[in-house]
Amino acid sequence: MAINVDKVYRVVLSITNKEQRGYLTPDQFNRIARQAQLDIYEKTFYDYNRALRKQTVGDFREYGDIASNLKDKIDIFAKQDSITHTTGVATEPSDLHRLIGVFSANRTIEFEEVRKEEIPYLLSSKLNQPTSTYPIYYSEGNKIKILPTDYSGQLLIDYITFPSDPKWAFTGGGSNAYSYDSANSVDFEIHQSDETDLVVKILAYTGIIIKDPTVIQVAAQKEVNDFNQDNV
């Protein structure tokens with residue numbers, strides 16, 4: 001499902017060089033590509049939330065279920081990991097972006113997520129106090145904190161990770177032409193359906209670098225049109 005980084009780079013070069021607007025080096029492309037991918041990645045969460053709020057009662061199936069289609073894009077980055085806690089404190093994986101849930105190692109127990117400010121109320125309540133059968137968790141910094149703190153065993157977490165940074169690797173350069181190095185390149189990890197938006201967003205950033213207002217305006221207009229279409 002990945003988007004080939006060489007294909008995107010050549011499309012961008014083709015558009016920007018068609019009228020001798022300027023040249024985009026591999027290093028510049030890689031920096032722009034990373035930011036463009038992150039922009040689209042984060043926008044998917046926003047679009048998913050908006051689709052859920054706009055969804056009315058009815059039977060949404062297959063291609064018409066926009067929220068489900070967007071969720072499929074996010075699920076590409078879904079991971080699970082087994083982590084160890086010490087007296088109720090565990091460190092999040094370094095690649096964690098959004099935490100989905102915390103479970104016992106065999107998934108028979110799901111920890112309930114609570115806000116930190118709710119903890120004093122829960123601890124003072126005889127009815128809602130966390131137990132090993134009904135444990136809770138909250139996030140603080142890069143830590144996952146669970147109650148009760150004497151809960152035994154490892155934790156299993158579901159989470160969303162970040163996409164890997166794309167990279168158009170090359171050999172040569174300088175006085176020689178750049179040659180694509182597929183073995184050391186990294187493709188875009190976002191969904192293939194976002195390829196057009198990816199090219200447009202890269203072009204928008206490219207227009208700033210090569211100081212071409214036409215490229216910026218065309219890319220910006222495409223984003224405006226997409227926004228208007230989404231909000232019909």
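## Briefing: spaces and surface

Y178 has 31% relative accessibility, so this residue counts as partly exposed. The cut-offs put partly exposed between buried, under 20%, and exposed, over 50%. The model is a predicted one. A search of the whole structure finds 1 cavity of 30 Å³ or more. The second largest pocket holds about 220 Å³ of space.

**Surface patch**

- Y178 sits in strand β9, which covers residues 178-180.
- Together with Y23 and F170, Y178 forms a nonpolar patch on the surface.
- The accessible area of Y23, F170 and Y178 together is about 280 Å².

**The largest cavity**

- The volume of the largest cavity is about 60 Å³.
- Its lining is made up of Y41, T44, F45, K73, I74, F77, I190, H191 and D194.
- The biggest share comes from α2, with 3 residues.
- Sorted by class, the cavity lining has 5 nonpolar, 2 polar and 2 charged residues.

**The second largest pocket**

- About 220 Å³ of space lies in this pocket.
- The lining includes F45, Y48 and N49.
- Also in the pocket lining are K71, I74 and D75.
- R98, L99, I100 and I160 belong to the lining as well.
- By class, the pocket lining has 6 nonpolar, 1 polar and 3 charged residues.

**Residues in both linings**

- F45 lines the largest cavity and also lines the second largest pocket.
- I74 is likewise in the lining of the largest cavity and in that of the second largest pocket.

**A buried proline**

- P163 is in the loop that runs between β7 (155-161) and β8 (170-172).
- P163 counts as buried because its relative accessibility is 6%, and the cut-off for buried is under 20%.
- In sequence, P163 and E189 are 26 residues apart.
- In space, the C-alpha atoms of P163 and E189 are 5.9 Å apart.

Key. Residues are numbered from 1 along each chain as its sequence is written. This is a predicted model: local features need pLDDT of at least 70, side-chain atom pairs count only at pLDDT 80 or more; totals for chains, interfaces and linings use all residues. Side-chain values use heavy atoms; hydrogens and water are left out. On a 1 Å grid over the protein atoms alone, a cavity is a set of points where a 1.4 Å probe fits but cannot get out, and a pocket is an open set with protein on both sides within 12 Å along at least five of seven lines; lining residues have an atom within 4 Å of a point. Grid points are joined across faces, edges and corners, and a volume is the space filled by probe spheres set on the points. Ala, Val, Leu, Ile, Met, Phe, Trp, Tyr, Cys and Pro count as nonpolar, Asp, Glu, Lys and Arg as charged, and the others, Gly among them, as polar. Patches are made of residues with over 30% relative accessible area and no salt bridge: like charges are joined within 9 Å, nonpolar side chains (Val, Leu, Ile, Met, Phe, Trp, Tyr) within 5 Å. Accessible areas come from the Shrake-Rupley method with a 1.4 Å probe; for residues, only the protein chains shown count as cover. A salt bridge is a side-chain nitrogen of Lys or Arg within 4 Å of a carboxyl oxygen of Asp or Glu. Helices (H or I, at least four residues) and strands (E, at least two) are DSSP runs, numbered from the N terminus. Buried means under 20% relative accessible area, exposed over 50%, partly exposed in between (1.4 Å probe, protein chains only).
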